[in-house]
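Please study the sequence and the structure before reading the solutions.

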Amino acid sequence: MKITVYGPSNCSNCTDLKETAEAIIDRNGIDANVTKETDMTELAAKGVMSTPGFEIDDEMVFSGTTPSEPELESIITEHV
Amino acid sequence: MVFKQFATWVVDTIGLTGAPRASAHFFVYDTLKILAILTAVIFGVTYLRTYFPPEKIRDYLDGKTAFTGYVLAALMGIVSPFCSCSTIPIFLGMVGAGIPFGITITFLAVSPMINEAALVVLPGVVGFELTALYAVSGIAIGMTSGYSLNLLGFDRYVDDFEFGDSEVDIDEPTRRERLEEAYAEAKEIILEIIPYVIVGVGVGALIHGYLPEQLVETYLSGQWGVFGAVAVGVPMYTDILGVIPVVESLLGKGLPVGTGLAFMMSVAALSLPQFMILKKVMQKELIAAYAGTLASGILVIGLLFNIVL
């Protein structure tokens, strides 16, 4: 699966989210690729108004919130 | 105030006197005061903001073309997240949703210039009257800029993109979730602002302790000082909370109030890094016109306040 975190480079919550997602994927042995999209125009194209935006396989799962690690883990494993 | 006593205790303990004492006292007192206010206000506001996600406000603004729309956009600019990284996605989201162009520009202009933490810190620095004048004139400048750019047809210089509509289901969060969200956002904002506050207070402290009043009187007291303040302030980037302590100490040295306000506004509202980000979403004609209308508005306000007050 493909995970994209949408957020400008100076947004620390977005960077944290990407790192947490990567850790969860490693731990659960999920075959996924996590990337971060920092381009504002891409954010606009996806309709992300509040950062971070979190996308799994072209579906925007949430935006503007930072779920806790267990919450994020269940979100990701649900999509496997 | 506890902080004032603490600052006095610190300089007493080190045994400072004269200018170093004045500078160190200013530094300790202002850093503590600003950070305490910042933490409390930002946490409170980020909590309240969980009730008003930008998507909701955008939908609310939709269809309000007249005066109300501009006023609402300005008010929204005041309570919008201060993190510069969040303002532009909101701006683009509004443009994409078809909110009238002038209203989105008003939001973009007011957002960095006025925010709730600045409105709480400023009265202690320049008094309630000036804080109110600052807020009212900031809103007026933002609205005028948005209105005139719209009238002149500058909306054609916003880059074309495909605007998506994020269909994220926003469940009504629980109180606990709101608190957690507010905590995460407040932490991010505060960590982003702290370096600017410390540098700002440091510069303010040096001015407070060492800058001769004579110098301010000779070079900065005339009306030309307003032009200088805007010329220096426009390219410079710092947070509004970083520039407040600098202006605070300059006012203490006899800087005219209009000049001080003009400096504060131009530093906060416009900056080179902001132009670079805007460059990605709008063409240079619009950026120049945006900067031009805001800078002229700030000049007029500064000159006017120096004459009236």
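**Exercise 1: a helix pair**

Task: state which residues of α11(B) and α15(B) meet.

Solution. From α11(B), B:V226, B:F227, B:A229 and B:V230 meet B:A295, B:I298, B:L299, B:G302, B:L303 and B:N306 of α15(B). Contact requires C-beta atoms, placed from the backbone, within 7 Å. Next, sort by class: this contact has eight nonpolar, two polar and no charged residues. Ala, Val, Leu, Ile, Met, Phe, Trp, Tyr, Cys and Pro count as nonpolar, Asp, Glu, Lys and Arg as charged, and the others, Gly among them, as polar.

The model is predicted: local features need pLDDT of at least 70, side-chain atom pairs count only at pLDDT 80 or more, and totals for chains, interfaces and linings use all residues. Residues are numbered from 1 along each chain as its sequence is written, while chains are lettered from A and ligands numbered from 1 in the order of writing.

**Exercise 2: the two chains**

Task: determine how many residues of chain A are in contact with chain B.

Solution. First, count: 22 residues of chain A contact 26 residues of chain B. Helices (H or I, at least four residues) and strands (E, at least two) are DSSP runs, numbered from the N terminus. Finally, by class, the side of chain A that touches chain B has ten nonpolar, eleven polar and one charged residues.

Conventions. Two residues are in contact if their C-beta atoms, placed from the backbone, lie within 7 Å.
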